[in-house]
Amino acid sequence: MRSTGQRGELLVAEKLIANGWSVAHPLSDSSPFDLLVAKGDRFLRLQIKATLEQHHYPNKSPHYHFGTSKGFGLKKKYSKGEADFFICVALDSLQFWIIPHKEIKTFTIKIYDVEGRWTKFEDAWKILEYDF
């Protein structure tokens, strides 16, 4: 749903601006990134992925589910030249995960409440300032 994505983009933009980043939004929907950000001489392309709420399935741990691919039908991965970081946003809890492109290996990621692979990226805004 487009409004879910827009909400995620606006929340991320607010966080970035509060941390001294300049934020630009592409003028067309054909751009492979959602936000272009700059701080000093550092420029980054960000792909924002948002979800409304945790998924609760029988016999499964609650988790957030984020699609990290592009396209409808035939999915494709984003190339390194298209996005430097993915920022995943849980709209119900206002949680953020800042994940370098190289860490995304699958078309979807699931983030659970327990300690796991993605824990180190929660609210890791500072990693945007370093090379990965």
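Me: Which residues form the positive surface patch?

Reply: In this predicted model, Lys77, Lys102, Lys105 and Lys120 form a positive surface patch. One of them, Lys105, sits in the loop between β8 (95-100) and β9 (108-112).

Me: Is Lys105 buried or exposed?

Reply: Residues over 50% relative accessible area are called exposed, and those under 20% are called buried. Lys105 has a relative accessible area of 51%, so Lys105 is exposed.

Me: What about the other residues of that loop; where is Glu103, and is Glu103 buried or exposed?

Reply: Glu103 is also found in the loop between β8 and β9. Its relative accessibility is 18%, and therefore Glu103 counts as buried. Setting aside residues up to four places away in sequence, Glu103 touches Arg117, Trp118 and Phe121.

Me: Where does Phe107 lie, and which residues is Phe107 in contact with?

Reply: Phe107 lies in the loop between β8 and β9. With a relative accessible area of 39%, Phe107 is partly exposed. Apart from neighbours within four places in sequence, the contacts of Phe107 are Phe66, Gly67, Thr68, Ser69, Lys75, Lys76 and Lys77. Of these, Lys77 is listed as a contact of Phe107 and is also a member of the positive surface patch.

Me: What separates the C-alpha atoms of Phe107 and Lys70?

Reply: The distance between these C-alpha atoms is 8.6 Å, and Phe107 and Lys70 are 37 residues apart along the chain.

Me: Now to salt bridges. What is the general idea, and how many does a search of the whole structure find?

Reply: Side chains of opposite charge can pair when their charged atoms come close. Here, a search of the whole structure finds six salt bridges.

Me: Which residue forms a salt bridge with Arg45, and how far apart are the closest N and O atoms?

Reply: The partner of Arg45 is Asp84, and the closest N and O atoms are 2.8 Å apart. Arg45 lies in strand β3, whereas Asp84 lies in the loop between β6 (76-77) and β7 (85-90), so the pair ties together parts that are 39 residues apart in sequence.

Me: How accessible are Arg45 and Asp84?

Reply: Arg45 counts as partly exposed, at 25% relative accessibility. Asp84 counts as buried, because its relative accessibility is 10%.

Me: Which lysine also forms a salt bridge with Asp84?

Reply: Lys80 does, with 3.5 Å between the closest N and O atoms. Lys80 is partly exposed, at a relative accessible area of 44%.

Me: Which residues are linked in a network of salt bridges?

Reply: Lys39, Lys126 and Glu129 are linked in such a network. Within this group, the side chains of Glu129 and Lys126 meet at 3.8 Å, N to O. Glu129 is partly exposed, with a relative accessible area of 28%, whereas Lys126 is exposed, at 55%.

Me: Back to strand β3. Where is Thr51, and is Thr51 buried or exposed?

Reply: Thr51 is found in strand β3 (residues 42-51), the strand in which Arg45 also lies. The relative accessible area of Thr51 is 8%, so Thr51 is buried.

Me: Which residues does Thr51 touch?

Reply: Not counting residues up to four places away in sequence, Thr51 touches Thr4, Tyr64, His65, Phe66, Val89, Ala90 and Leu91.

Note on methods. Residues numbered from 1 in each chain as written. Predicted model: local features only at pLDDT ≥ 70, side-chain atom pairs only at ≥ 80, totals over all residues. Heavy atoms only, no water. Patch = residues over 30% accessible without salt bridge, like charges linked within 9 Å, V, L, I, M, F, W, Y side chains within 5 Å. Areas by Shrake-Rupley, 256 points an atom, 1.4 Å probe, with all protein chains shown as cover. Salt bridge = Lys/Arg side-chain N within 4 Å of Asp/Glu carboxyl O. Lys, Arg positive; Asp, Glu negative; His and termini not counted. Charge placed at Lys NZ, Arg CZ, Asp CG, Glu CD. Helix = DSSP H or I, 4+ residues; strand = E, 2+ residues; numbered from the N terminus. Buried < 20%, exposed > 50% of the residue type's maximum accessible area, 1.4 Å probe, protein only. Contact = heavy atoms within 4.5 Å.
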